[in-house]
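Keep the viewer open and follow the points in order.

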Amino acid sequence: TMSTNQLKARWKAGKAAVNGWLAIPSGFSAEVMAQCGFDSVTVDMQHGVQDYQSMIQCFQAMDKHPVTKLVRVPWNEPGIIGKALDGGAWGIIAPMINTREQAEAMVSACRYPPHGTRGSAFGVAHTDYRIGDVPADIAAANARTMVIVKLETRKGCDNADEIMSVPGVDIGFVGHT
């Protein structure tokens, strides 16, 4: 089966975790950050100059280190979320989650059927799938993928209890944009 998401395991165990934030579109910078002892590193595609191509290069540079790869996507949009996951992200941070419905849509975009609507393709995120065992691999991917909602408006914070009760939401990130 696929590897375990160590960040998700730490949080489930009630342990603290430290996340690095990567806005520099450089594999070298990503590799240096992955060596610094962070539990996770977030490639920020919402603000700054990271794009899909640089995200892939950053992930490739981080692959040999025990760090969980996260992406802050520009928006809660299924195509963007699926592409980031296909590129190797193990967790998605989506901005401006203000309602339960938006959180449900995000969870759906992050999960394969029957738990969501994520489509499958055989790209970077799927290179360890085994022929004949794809259902088990898909179940493992659903289990390891983290859904991190960004609560950054008054409406989102007012609806936090409702948003955080959505099955599949792992973390609520409260903070500014």
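**Notes on the predicted model**

1. Let's start with Asn76, which sits in the loop between strand S3 (68-72) and helix H4 (78-86). Helices here are DSSP runs of H or I with at least four residues, strands are runs of E with at least two, and both are numbered from the N terminus. A polar atom of the Asn76 side chain lies 3.0 Å from the backbone oxygen of Gln102. Setting aside residues up to four places away in sequence, Asn76 touches Ile81, Ala94, Ile97, Gln102, Ala105 and Met106; a contact means heavy atoms within 4.5 Å.

2. Before going on, a word on how to read this. This is a predicted model, in which local features need pLDDT of at least 70 and side-chain atom pairs count only at pLDDT 80 or more, while totals for chains, interfaces and linings use all residues. Residues are numbered from 1 along each chain as its sequence is written, and side-chain values use heavy atoms, with hydrogens and water left out.

3. Now the whole chain. The protein chain has eight helices and six strands, and from the N terminus they run α-β-α-β-α-β-α-β-α-α-β-α-α-β. The C-alpha trace spans about 40 × 35 × 30 Å along its principal axes. A compact globule of 177 residues would have a radius of gyration near 16 Å, and the 15 Å of this chain agrees with that; the radius is taken over C-alpha atoms, and the globule rule is 2.2 Å times the number of residues to the power 0.38.

4. How much of the chain is buried? Of the 177 residues, 47% count as such. Among contacts with a separation of 6 or more, 61% are between residues 24 or more positions apart.

5. Helix H3 (residues 52-62) deserves a look. Its buried residues are Ser54, Met55, Ile56, Cys58, Phe59, Ala61 and Met62. They pack against strand S1 (19-22), helix H2 (27-34), strand S2 (40-44), S3 and H4. An α-helix has 3.6 residues a turn, so residues three or four places apart point the same way. At the start of H3, a side-chain oxygen of Asp51 comes to within 3.2 Å of the backbone nitrogen of Gln53. That pair is a polar contact, as is the one made by Asn76: N or O atoms within 3.5 Å, where within protein one must be able to donate a hydrogen and the other to accept it, and residues adjacent in sequence count only if both atoms are side-chain atoms.

6. Two backbone details to check. Most residues other than glycine have a negative phi, and most peptide bonds are trans. Pro113 and Pro114 are joined by a cis peptide bond, with omega about 10°; Pro114 is in the loop between helix H5 (100-110) and helix H6 (134-144). Met96 has a positive phi, near 55°. Met96 lies in the loop between strand S4 (91-94) and H5 and is partly exposed, at 24% relative accessible area.

7. Last, Val49, in the loop between S2 and H3. Is Val49 buried or exposed? Val49 counts as exposed, at 59% relative accessibility. Beyond its neighbours within four places in sequence, Val49 is in contact with Ala23, Pro25 and Ser54. From Val49 to Met96 is 47 residues in sequence and 20 Å in space, C-alpha to C-alpha.

Definitions and conventions. Buried means under 20% relative accessible area, exposed over 50%, partly exposed in between (1.4 Å probe, protein chains only).
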